[in-house]
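Visitor: I have a model open and would like to talk it through with someone. Shall we begin?

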Amino acid sequence: SAVLNINGGEGSNTVTITALKSISSVNITAGAGDDTVVADQMDIRGSFTANLGDGANKLTTSGTNPVNVGGLVRYVGGSGVDTVSVGASAATTIGGSLTIWAGDGDNDIDTGFATTGVVKVGGALAVTTGSGADSIFIDSTTTGGSMVVSAGDGDNTFNVTLFGTSKAGVGLYYTGGSGNDFVTVGTAAFPVNFGGSVVINT
């Protein structure tokens, strides 16, 4: 099966993937610099990985059209402000796990958007950030496995289901480091359902 490998090197790279089919997997690698990756109207059987290194990096899926990934999705960023939006406006369906590692910086991580950006993850959802004031929003997201968030040091904000109903097949586990963390899980308008324990450590 064909694999698409993109190596952007150092510098400010922009990768836009649109209307991609008949590919097994996509692997994107970049060095230091402010990198931007947009995946829209993509349907692949295998995995999708983006390792963008240090810098103010951005990853967006389903900004306009649905994205389907048969395997896992993994994002890795280094130091710098990372902005990750999975299911920005349209649906994103992931057969495997969704892993986001954002590193140090004031990161902005979003999965799902209201009733249009529905995110379905067959496996677990894991978000890890380093030191910094991170904002992590999980909306309209369903996982077959657990939701695990480790926000690190800083005044972090973590919200689950503010604008769309979410569900985890197992439990929710949140860990913050030093700093003041603000955590909201569910609202009266948009409840959240868990198949296991909910553990919040701030």
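This is a predicted model: local features need pLDDT of at least 70, side-chain atom pairs count only at pLDDT 80 or more; totals for chains, interfaces and linings use all residues.

Visitor: Is Ser 146 buried or exposed?
Guide: Residues are numbered from 1 along each chain as its sequence is written, and side-chain values use heavy atoms, with hydrogens and water left out. Buried means under 20% relative accessible area, exposed over 50%, and partly exposed in between (1.4 Å probe, protein chains only). Ser 146 has a relative accessible area of 16%, so Ser 146 is buried.

Visitor: Which residues is Ser 146 in contact with, leaving aside neighbours within four places in sequence?
Guide: Ser 146 sits in the loop between β16 (141-143) and β17 (147-152); strands are DSSP runs of E, at least two residues, and helices are runs of H or I, at least four, numbered from the N terminus. Contact means heavy atoms within 4.5 Å. By that criterion, the partners of Ser 146 are Ala 124, Leu 125, Val 170, Gly 171 and Tyr 173.

Visitor: What is the relative accessible area of Thr 111?
Guide: Thr 111 belongs to strand β12 (residues 108-111). Not counting residues up to four places away in sequence, Thr 111 touches Val 86, Leu 98, Val 119, Phe 137, Ile 138, Asp 139 and Thr 141. Thr 111 is buried, and its relative accessible area is 1%.

Visitor: Is Gly 11 buried or partly exposed?
Guide: Look in the loop between β1 (3-9) and β2 (14-20) to find Gly 11. Beyond four places in sequence, Gly 11 has contacts with Ala 32, Gly 33, Asp 34 and Asp 35. With a relative accessibility of 27%, Gly 11 is partly exposed.

Visitor: How far apart are the C-alpha atoms of Gly 11 and Ala 30?
Guide: Along the chain, Gly 11 and Ala 30 are 19 residues apart. Their C-alpha atoms are separated by 8.2 Å.

Visitor: Now the whole protein: how many helices and strands does it have?
Guide: The DSSP runs settle this one. The protein has 0 helices, and its strands number 23.

Visitor: What is the radius of gyration of the protein?
Guide: The radius is taken over C-alpha atoms, and the globule rule is 2.2 Å times the number of residues to the power 0.38. For 202 residues that rule gives 17 Å, and the protein's value is close to it, so the protein is as compact as a globular protein of that length. The radius of gyration is 16 Å.
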